[in-house]
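Visitor: I am new to this structure. Could you take me through some of its features?

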Amino acid sequence: MRTVVLTVPQVSELPDIGAVLDRWQSDAGPVHLHTGDLGWYSLRGGAATAQALRVWRCQDRILAIGLLDGENLLRLSVDPDLTHDDALARQIETDINSSDRTASGTDITVFEKGTAIVEARGAIRLCDSLKARGWGTDEPWTPMNRDLSLPVEQPDIRVEVAGPDDAEAWTAIHWSAFRGVPYTADDRQRFVDRWHTMMSGPFSSRARSLLGYDDSGLPVAVVTVWSAGLNRPGLLEPLAVHRDQQGHGYGKAMAIAAARRLQQLGSSSASVCTESSNRSAVAAYSSAGYIPRPQVKDLRRGS
């Protein structure tokens with residue numbers, strides 16, 4: 001009988017894990033955990049990224065890869081050949097539901113007790129098993145995709161690849177869009193340092209960070225794109241427009257620029273997933289040529 005083992009990888013294993021996750025990306029499959037998600041998480045450094053990963057293996061073969069994106073969210077991809085595999089689904093379900101290290105027979109757990117959320121798009125047997133155990137559904141998300149087999153138009157703003165000297169501008173825009181709270185000197189230095197960590201980390205060769213400028217030359221919007229290799233879907237993670245510059249079409253322009261850059265990197269499509277409740281984001285991506293797919297819902301345990 002095949003033995004499936006849950007592991008936490010070493011930092012030295014991150015490039016190999018990224019390569020496996022690259023191979024699992026497919027336009028025919030779901031918008032699931034992407035190497036770019038690991039890349040964005042690597043703002044925290046290689047050691048923290050490795051500690052946040054949960055990898056299910058059978059001997060030397062990786063069967064599933066999960067990223068603990070926060071205390072109670074597991075973002076999971078399963079080998080596309082094993083999405084209907086009952087034995088693998090049962091083992092992952094057991095590991096997810098066990099918060100007792102003694103009972104699970106290992107020093108590794110996925111969740112502690114209490115609320116937990118699993119994003120496992122495409123892991124059909126696992127999702128069925130969790131639902132049978134009483135897991136409910138969480139808020140809906142809308143996956144979106146732009147086919148890159150056709151030409152991509154030029155964005156109507158100037159967009160440049162951000163280099164080390166652009167870190168302060170890039171991070172300030174992101175902070176404004178997603179936090180909007182006072183941006184102290186300490187905050188600025190920490191975020192700039194983390195951006196440099198990400199852009200020199202184990203997944204940095206797949207990344208291009210872009211900076212968009214208005215007509216006066218003011219930086220107003222940012223996006224980072226992540227390639228999974230030739231003829232595989234690329235990912236936008238994240239895209240942001242400065243809080244004071246929203247409503248001028250810069251989000252659409254950056255989504256187009258992201259698609260154009262991924263096309264230049266050889267990606268087959270540009271993918272993104274946004275909360276369905278964020279109607280302005282869905283509208284911006286749609287206006288930039290991204291086609292919505294059917295909504296998906298994560299699975300939730302507890303309130």
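What follows is a set of questions and answers on a predicted model.

Visitor: At what angle do helix H4 and helix H6 cross, and is H4 parallel, perpendicular or oblique to H6?
Guide: Two packed helices are described by the angle between their axes and the distance between the axes. H4 covers residues 86–97 and H6 covers residues 124–132, and their axes come within 8 Å. The axes cross at roughly 50°. Angles of 65 to 115 degrees would count as roughly perpendicular and those under 35 as roughly parallel, so H4 is oblique to H6.

Visitor: Which residues of H6 make the contact with H4?
Guide: The crossing of H4 and H6 is right-handed. From H4, the contact takes in Asp 86, Ala 89, Ile 92, Glu 93, Ile 96 and Asn 97. On the side of H6 the residues are Arg 125, Leu 126, Ser 129 and Leu 130.

Visitor: How many residues of the contact of H4 with H6 are nonpolar?
Guide: The residues of this contact divide into three classes. Three are charged and two are polar. The nonpolar ones number five.

Visitor: Which helix gives the most to the lining of the second largest cavity?
Guide: This cavity holds about 40 Å³ of space. Its lining includes Leu 88, Ala 89 and Ile 92, as well as Arg 125 and Leu 126. H4 and H6 each supply at least two residues of the lining. With three residues, the helix that gives the most is H4.

Visitor: How many residues of the lining of the second largest cavity are nonpolar?
Guide: Val 78, Leu 82, Thr 83, Asp 85 and Ala 123 are also among the lining residues. By class, one lining residue is polar and two are charged. The nonpolar count is seven.

Visitor: What is the volume of the largest cavity?
Guide: A search of the whole structure finds two cavities of 30 Å³ or more. The largest is lined by residues that include Gln 25, Ser 26, His 32, His 34, Asn 145 and Arg 293. Its lining divides into four nonpolar, seven polar and one charged. The volume of this cavity is about 80 Å³.

Visitor: Which strand supplies the largest share of the lining of the second largest pocket?
Guide: About 170 Å³ of space lies in this pocket. Strand S5 (116–119) and strand S13 (296–301) each supply at least two residues of its lining. The largest share is four residues, and it comes from S13.

Visitor: Which residues lie nearest the centre of the second largest pocket?
Guide: The lining has 16 residues. By class, nine are nonpolar, two polar and five charged. Those nearest the centre are Pro 30, Arg 121, Gly 122, Pro 143 and Val 296.

Visitor: Is H7 roughly parallel or roughly perpendicular to H8?
Guide: H7 spans residues 167–178 and H8 spans residues 185–199, and their axes come within 9 Å. The axes cross at roughly 110°. Angles from 65 to 115 degrees count as roughly perpendicular, so H7 to H8 is roughly perpendicular.

Visitor: Which residues of H8 meet H7?
Guide: H7 passes H8 in a right-handed crossing. H7 brings Ala 167, Glu 168, Trp 170, Thr 171, His 174 and Trp 175 to the contact. The contact residues divide into six nonpolar, three polar and three charged. In H8 the partners are Asp 187, Arg 188, Phe 191, Val 192, Trp 195 and His 196.

Visitor: Is the peptide bond from Glu 237 to Pro 238 cis or trans?
Guide: Most residues other than glycine have a negative phi, and most peptide bonds are trans. Pro 238 lies in strand S10, residues 233–241. The bond from Glu 237 to Pro 238 has omega near 0°, and it is cis.

Visitor: What is phi of Gln 59?
Guide: Gln 59 is found in the loop between strand S2 (53–58) and strand S3 (61–68). This residue other than glycine has a positive phi. The value is near 55°.

Notes. Residues numbered from 1 in each chain as written. Predicted model: local features only at pLDDT ≥ 70, side-chain atom pairs only at ≥ 80, totals over all residues. Heavy atoms only, no water. 1 Å grid on protein atoms, 1.4 Å probe; cavity = no way out; pocket = protein on both sides within 12 Å on 5 of 7 lines; lining within 4 Å. Points joined across faces, edges and corners; volume = space filled by probe spheres on them. Nonpolar A, V, L, I, M, F, W, Y, C, P; charged D, E, K, R; others polar. Axes fitted to C-alpha atoms, helices over the stretch in contact; angles between N-to-C directions. Parallel < 35°, antiparallel > 145°, perpendicular 65-115°, else oblique. Left-handed = near helix turned anticlockwise from the far one by under 90°. Contact = heavy atoms within 4.5 Å.
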